[in-house]
Structures are given as structure tokens and as C-alpha cells.
Amino acid sequence: MGTWNIRSKRILILVASITIAMAGTLGCARKFADFPMEAEAVAGLRTQEHGIALGAHMVADRNESRKYFGTSLRSRGIMAVHITVENNSDRSLIVQQQDFSLRGAIRHHDREAAAATGPGTTVAWTGAVLGSLPIAMLGAGMAVSADNIQTNLEKKALITDTLSPGAATRGFVYFSLPSQAREAAQTWELVYQPQFIGRPDCPAITLPIPPSGKDH
Amino acid sequence: MTPTIDRPTMLMLALIFTMSGAVGCTRTYRLDPVEFSQWPEYRQVDMHVHLHLSDELRGHTYEKHMLGDRFRYPVGPVLALGAAQTAEKAFTRVTVSEGGRIPTVEADGILTPDVVGMEQATSIWAFEAVDTSIDLLWTLKDPDGNTLWAKTIRGTSRHHLGNAFTHRSAARKRVSMCVEDLFHKSLVDLTTAQEILQLSGQ
């Protein structure tokens, strides 16, 4: 009986230690790298038309995606494109996510993109039902992680703005990929329909984005 | 003497523990109107603006699901009140309507705030600071329906989650800080936007 008590205490201490260690490693809010200001200029994907300078950088590489988003978005069927718009015209310009499209893909609302990234809650449920604390903590850690990935996606998304002459804006637009395009290296075409205030008939701007070589 | 737990009690405790994890509950955080303090410096725009507060805005509730629990934040009334206070500070004359459709009005511009989204990060640590954000899209149109200016303003706050005893007050604090930040930024943008100043002739 005495031996059992010492053993059970040791087991309890071990379980508590594992739980605390897992909570510590998995539960903390994750920090994601900010996207550098110069990235699209380095990639050279820029065009200037109708008084608008349009820049784009596609986050197709798995490691780059993990760096900025904590997960490989492309393997989940999402393509993140960082967009910069500079208004060099003499008119004000309204920029919003729905002005952009990627030929061969569907624009993903950032909230929908976020929803596709986190299986953590399901794992947490399994853990809770099993009644095993370490598994539940692992699930909680994953759910928290998925939640913070979602918040990070929102934070980096392009938001609606009115650009006065000389102003610029930047942010990510997320596109949904068809299954055959998730792994293939291909040339993409970003299409932007500018919305000038008081000038509704501005032609669309197309920016071809070639495969980067590490396009997977 | 060492206290012992018999097998049925142990099984009962295990069952209660399992059920507590498996059965989710709903927590609703009702929010008091935010008392705005220390508005940023601004110069009122000389313009008659009609502010329309839609049913979607006034009834907006943010819901978050976590580990089987549902957390509800009915932020709509607080946002509607904040939007009205902000507009009244930003413009010399403001009329307000509520409901599903914008009525026909005579004004220099029709201003509508719409919730784009609200997000709140999570942690399993009670004292870890988490980020909260609310995105509000302001749109100013002329009486013919042409958009003159549009901008999404993001209010943010960082505050700890709170423990079992303080989670309600911590949640209210997080959202209040975020709403205050949102309308402070909104006031600055509404009173400095070139397009709005041009429209007012300033």
C-alpha cells in the first residue's frame, strides 16, 4: 500500500510535469514575422499603369509561408499574395480586396482562409473525451496555435483604404487554389481592377507572376 | 492514516472530469457603453453628414468557439453608440437613422459604419496578454450613391485573459480598450481625410 502511494505520487508528479511542459511549449501566443517592406521590390514583380504602381509577392514557398503565417498555406489550398498599391495619379483611389483576382484561383475571404488552417479544436475534443490531461493540453495548445494563426492572417490582410494622390497601401490577399494547382509550378496572373473616385471606367491591370523555382 | 478513495468514487471523479471537458457551455459578455476619455486633438469638419446605423451593425455579435465552449460578445450596441459619438464630434451637423434601409435625406454625405470583423487571440495562460482587434469599414457616399471615401479602421488592444474569477471583467476591459482605440482612430481619419475636407470646402 505504501509502495503504491509513492508510485502513484510519482506518476501524478510526472503527469503534472508533462502537462505544464506541454502547456508552456504549445500554449503561448506565437509571434509571426512581419512581411518586409522591400520584398516585392526585390522580387521585381512591379508594373506601372494608369498612374498606379502595383507590386506583388506570392508566398508560394513552404518555409516562407511558415515564417509569416506559422503554417504552409499552399498545402492547405490557399495562396497568399502580398500586394502593394501606390497611387501616383492625380485622383483618389479606393483599394479593397475584391478589386484583385488571381487567374486560376478564387479569392478567399481572409476569415475563410483562417478557418482552413486549424484542426486543433478537433484534437482538443478527442483529448477531453478521453479524459487524458496531457492529450487535452496538446489539443488546447493546437487550438490556441490555430487561433493565433487566424488572428495573424487577419492582421496581415489588405484592408479597404482611400488613397489620395501620392499615398500607398499594402497587405495580403488570400486566394483559394484548385487541388491540381496546390503543388504545380506555374505562371500566375494577378488582375487588379482600379476604382478611381469619379472615374469608373479605368481598365484592369494585369501582372504576370512567374514560378519562383522554389514554387512548392 | 493515509486518506484513501474507493473505486466508485474514483470512477465518479473521472466521469465528472471527463464530462467537464466534453460538455461545452456558452458565456456571454455583455458590454457597458464605453466611456471615451481623452479624445485625440481634431478639427471639426464643416459638413452635414447623415449617419446610418444598420441593423447588422447594431445587432453584431462576435462569437468565438474554443474547446467546445462558445464565447459571445454582443458588440453591436457599443459600436453603434461609439459611431454616433464619433460622427457628432467629427462633423458640424449630423442626422442619424437606424434600420435596414438608408432613408432619402438631404445631406452633403451619407456615412455608414460596417463591421468587417473582430478577432481575439487566445492563450491558455490567464496572465498572458492577448490581442483583440475590431475592423470597422466607414463609407461616405454622396446622396446619389457614389462612394466619395472609404476606409477600414482597425481598433486594437492588448490585455490579459483573466483567470476563472476575473475572465468577465478582463473580457470587458479588452473589448472596451479596443472600441476606444477604434473610435479615436476613426475621429482622426474622418477629420483629416483629403477627400472629406475637399468635399466640405476646407
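Colleague: Where does B:His159 sit?

Modeller: B:His159 belongs to strand 8 of chain B. Keep in mind that this is a predicted model.

Colleague: Why is B:His159 called buried?

Modeller: Its relative accessibility is 18%. Buried means under 20%. B:His159 therefore counts as buried.

Colleague: What is B:His159 in contact with, leaving aside neighbours within four places in sequence?

Modeller: The partners are B:Glu128, B:Ala129, B:Val130, B:Ala170, B:Lys173, B:Arg174 and B:Met177. One of them, B:Val130, is also the bridge partner of B:His159.

Colleague: What makes strand 7 and strand 8 of chain B a pair?

Modeller: Pairing needs at least two bridges. Here 13 bridges join the strands, which run antiparallel. Their hairpin has five residues between the strands, and B:Gly145 there takes a positive phi near 95 degrees.

Colleague: Which strand also pairs with strand 7 of chain B, over 10 bridges?

Modeller: Strand 6 of chain B, residues 109-120, in the antiparallel sense. B:Met118 has B:Ile134 as its bridge partner there.

Colleague: How do you know that strand 7 of chain B is mostly covered?

Modeller: By its residues: 10 of the 13 are buried.

Colleague: What makes the pairing in the five-stranded sheet of chain B mixed?

Modeller: The order is 5-2-6-7-8, and the sheet is open. Strand 2 and strand 5 of chain B pair in the parallel sense over eight bridges. B:Leu53 has B:Glu98 as its bridge partner in strand 5. Strands 7 and 8 of chain B, in contrast, run antiparallel.

Colleague: Why are strand 5 and strand 8 of chain B at the edges?

Modeller: Each has a single partner strand, so one side of each is left without a neighbour in the sheet.

Colleague: Which helices of chain B lie on these strands?

Modeller: Helix 3, residues 76-90, lies across strands 2, 5, 6 and 7 of chain B, at about 155 degrees to strand 5. Helix 4, residues 167-192, packs on the sheet and touches strands 2, 5, 6, 7 and 8 of chain B. The direction of helix 4 makes about 150 degrees with that of strand 8 of chain B.

Colleague: Now chain A. How do you know that strand 3 of chain A is mostly covered?

Modeller: Nine of its 10 residues are buried. A:Ala80 stands opposite A:Val59 and has A:Tyr174 as its bridge partner in strand 8 of chain A.

Colleague: What is in chain A as a whole?

Modeller: Chain A has six helices and 11 strands. Of its 216 residues, 48% count as buried. Residues 24 or more positions apart account for 74% of the contacts with a separation of 6 or more.

Colleague: What is the mean pLDDT of chain A?

Modeller: The mean is 73, and 62% of the residues reach 70 or more.

Terms used: Residues numbered from 1 in each chain as written. Chains lettered and ligands numbered in written order. Predicted model: local features only at pLDDT ≥ 70, side-chain atom pairs only at ≥ 80, totals over all residues. Heavy atoms only, no water. Buried < 20%, exposed > 50% of the residue type's maximum accessible area, 1.4 Å probe, protein only. Helix = DSSP H or I, 4+ residues; strand = E, 2+ residues; numbered from the N terminus. Contact = heavy atoms within 4.5 Å. pLDDT = per-residue confidence, 0-100. Axes fitted to C-alpha atoms, helices over the stretch in contact; angles between N-to-C directions.
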